[in-house]
Amino acid sequence: MTGDRWADWQWFRTELLAWYAQHGRDLPWRRTHDPYAILVSEFMLQQTQVVTVIAHYQKWLKQLPTIQTCAQAQPQDIFKLWEGLGYYRRATYLHQTCQIIVREYGGKIPQALDTLITLPGIGRTTAGGILSHAFNLPTPILDGNVQRVLSRLFALTTPPHRNQKQLWHYSQRLLDPVAPGRFNQALMDVGAGVCLPKDPQCGRCPWQNGCMSTQTQQQHDLPVREPGKEIPHRTIGVGVIWNAQGQVLIDQRPSTGLLANLWEFPGGKVEAGESVPDCIRREIYEELGLEIQVGEHLITVNHRYTHLRVTLVVHHCFYRSGIPELRGCQAYAWVELPDLCRYPFPQANQKIIQALQESPIPPYPLEMGGGRVQSK
DNA sequence: CAATCGTGGGT
DNA sequence: TACCCAAGATT
């Protein structure tokens, strides 16, 4: 690159598209022209790697093959299909977006960028991805891959999150106006498979001869990243509360905040100087108004979120008295173990469920009414 | 604009 | 093990 010459930009496009024809990934959402399917893939791919998305993508489209079926689905089904993918707000946003498109746009995805980004969960990158991929419209994208590729290609020494305007400019300027769909897909493939965060594979890069950071051996130092912050840790006491019918109590988390709308085994943060059984007894009373007896330890689960680490100390518990009140949750349910799979749970709770299914059901304490009542 | 929002892969 | 990073959007 010796200047802002048309031939230089065209060279990037030609090289990239030629490389893509040989080395592009074969992905499920590249085998369809259905804009709805592409919309689904774009939502799932937000901050989530391809290998993680594929199974969920295929299951989703099998159960909700059209935008109409998605719009009409129950929230519980939406969350169940999203289970395990994380960032669960995306599921609600996708559901809402499909409902709006069906209701207000005749089931056709709007092809105007300004319209698309007004829909829930659709920002500029997702909108650009949909428009370029589904309709071959010349809309740029700027995901993590593209930010890294562009930072190296043009040797941009400002951290990407402080340099969004310039990065968008480059993404727009570089975009192939004839084949924007394939170009954007190719750009992300370079980021995901060649221009790796650590150990960039410059020898396999179609842009090796035009990359400014490679010429000065800066590619390992770009993009510039700022040090992260420390992640706090909490210990959480969790109760698997059994009733005399052999059912366990679960609750649905609030509609906002961490793991919104998902189901869980009730519990809460262990306060300073408090024992775990005391914590569980207190939390169950505060959140549900139930009196329980805390029993033996079931499992301890360590889990990491983006901004939080938790240790879940889980105990078997036994219902004594009270009717559940909805204080810190949306709903509750007494369920038998085989029915737990009907409810969407976060990953940390999946480990509890697995432990439950592998461990024998604890005997109901004799002093609390004798043997278990066999339900049905 | 900084914080929030999950989970799995890779080093 | 302990990080970093991922087809980001929202508030």
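## Aromatic pairs

The structure holds 10 aromatic pairs. It is a predicted model. One of the pairs joins Trp11 and Phe12. Trp11 counts as partly exposed, at 29% relative accessibility. Phe12 is buried, and its relative accessible area is 0%.

Trp263 and Tyr343 form another edge-to-face pair. Here the centres are 4.8 Å apart and the planes are at 65°. Trp263 belongs to strand S3 (residues 263-264). Tyr343 sits in the loop between strand S7 (331-335) and helix H14 (347-358). The pair therefore ties together parts that are 80 residues apart in sequence. Both Trp263 and Tyr343 are buried.

## An aromatic cluster

Which residues form one aromatic cluster? They are Trp9, Trp11, Phe12, Phe154, Tyr170 and Trp207.

## Where H1 meets H10

Helix H1 covers residues 6-23, and helix H10 covers residues 164-174. Their axes come within 10 Å and cross at roughly 80°. H1 and H10 are therefore roughly perpendicular to each other.

On the H1 side, Trp9, Phe12 and Arg13 make the contact. By class, the contact has four nonpolar residues, two charged residues and no polar ones.

## Charges over rings

Two arginines have a charged end over an aromatic ring. That of Arg124 sits over the ring of Trp168, 3.9 Å from its centre. That of Arg327 sits over the ring of Tyr285, 5.9 Å from its centre.

Note on methods. Residues numbered from 1 in each chain as written. Chains lettered and ligands numbered in written order. Predicted model: local features only at pLDDT ≥ 70, side-chain atom pairs only at ≥ 80, totals over all residues. Heavy atoms only, no water. Axes fitted to C-alpha atoms, helices over the stretch in contact; angles between N-to-C directions. Helix = DSSP H or I, 4+ residues; strand = E, 2+ residues; numbered from the N terminus. Parallel < 35°, antiparallel > 145°, perpendicular 65-115°, else oblique. Contact = heavy atoms within 4.5 Å. Nonpolar A, V, L, I, M, F, W, Y, C, P; charged D, E, K, R; others polar. Phe/Tyr/Trp six-rings, centres within 6.5 Å; stacked < 30°, edge-to-face > 60°. Buried < 20%, exposed > 50% of the residue type's maximum accessible area, 1.4 Å probe, protein only. Lys NZ or Arg CZ within 6 Å of the ring centre and 35° of its normal.
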